Amino acid sequence: MAQVTWDIAQLERKLPDGDTCPDGAVYTAHWTASLEESGESASAYGSVGFSDPDPATFVPFNQLTKEEVLNWVFDALGIDQVVSIQEGLNNQIQQKLNPTSKAGVPW
C-alpha cells in the first residue's frame with residue numbers, strides 16, 4: 001500500500017495586539033492528506049484549532065517546521081482519526097481501481 005502524504009496548506013496566527021499570547025502564535029492549521037497509487041489519486045482537507053501556547057515552550061512563527069506543525073495536527077486529530085483518514089483515502093483508491101458500481105444511462 002502506498003504511503004499517505006500529509007502537508008500543511010495554511011496557518012493562521014496571531015499578530016501583535018497587546019494580548020498575553022505571544023505574537024505569531026498559530027491558532028489554526030489547515031492540512032491536506034493525499035494518496036496516489038496505480039495512476040489514481042485521492043485527497044482530504046481539514047483544519048484543526050489550537051489553544052494559546054505555553055510561553056515556556058513557544059516556538060516563534062518563523063522558526064516552525066512543517067514536521068513540527070504536522071505533529072501538532074496529528075496530536076489534535078488523535079491517532080484514531082489519522083488512521084481513519086488514511087484508510088478512507090485508501091478505500092477511495094481501491095474503489096477507483098476495482099469499481100463495484102457504475103453510473104449512466106443505457107441510451
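Reader: In what order do the elements of the protein chain run from the N terminus on?

Author: They run β-β-β-α-α. That comes to two helices and three strands. Keep in mind that this is a predicted model.

Reader: Is the chain a compact globule or more spread out?

Author: More spread out, because its radius of gyration is 19 Å, well over the 13 Å that the globule rule gives for 107 residues. Along the principal axes, the C-alpha atoms fill a box of roughly 65 × 30 × 20 Å.

Reader: And how much of it counts as buried?

Author: 25% of the 107 residues. The chain exposes about 7300 Å², with carbon and sulfur atoms supplying 48% of that.

Reader: OK, strands now. In what sense do β1 and β2 pair?

Author: Antiparallel, over eight bridges. For example, Asp7 has Thr32 in β2 as its bridge partner.

Reader: What about β2 and β3, how many bridges there?

Author: Ten, again in the antiparallel sense. One of the bridge partners in β3 is Gly49, which pairs with Thr28. β2 and β3 form a hairpin with two residues between them, and Ser38 in the turn has a positive phi of about 50°.

Reader: Switching topic: how many aromatic pairs are there?

Author: Three. One of them joins Trp6 and Trp31, a tilted pair at 5.2 Å centre to centre with 45° between the planes. The pair links distant parts of the chain, since Trp6 is in β1 and Trp31 in β2, 25 residues apart.

Reader: Are those two buried or exposed?

Author: Trp6 is buried, because its relative accessible area of 9% is under the 20% cut-off. Trp31 is buried too, at 5%.

Reader: Which ring joins Trp6 and Trp31 in a cluster?

Author: Phe74 does, through ring pairs.

Reader: And how are Phe50 and Trp72 arranged?

Author: Their ring centres are 5.6 Å apart and their planes lie at 75°, so the pair is edge-to-face. Phe50 lies in the loop between β3 and α1, while Trp72 is in helix α1, so the pair ties together parts that are 22 residues apart in sequence. Trp72 counts as partly exposed, at 28% relative accessibility.

Reader: Last one: what sits over the ring of Phe61?

Author: The charged end of Arg13, 4.0 Å from the ring centre.

How values were computed:
Residues numbered from 1 in each chain as written. Predicted model: local features only at pLDDT ≥ 70, side-chain atom pairs only at ≥ 80, totals over all residues. Heavy atoms only, no water. Phe/Tyr/Trp six-rings, centres within 6.5 Å; stacked < 30°, edge-to-face > 60°. Helix = DSSP H or I, 4+ residues; strand = E, 2+ residues; numbered from the N terminus. Buried < 20%, exposed > 50% of the residue type's maximum accessible area, 1.4 Å probe, protein only. Lys NZ or Arg CZ within 6 Å of the ring centre and 35° of its normal. Pairing = 2+ DSSP bridges. Rg over C-alpha atoms; globule rule 2.2 N^0.38 Å. Areas by Shrake-Rupley, 256 points an atom, 1.4 Å probe, with all protein chains shown as cover.
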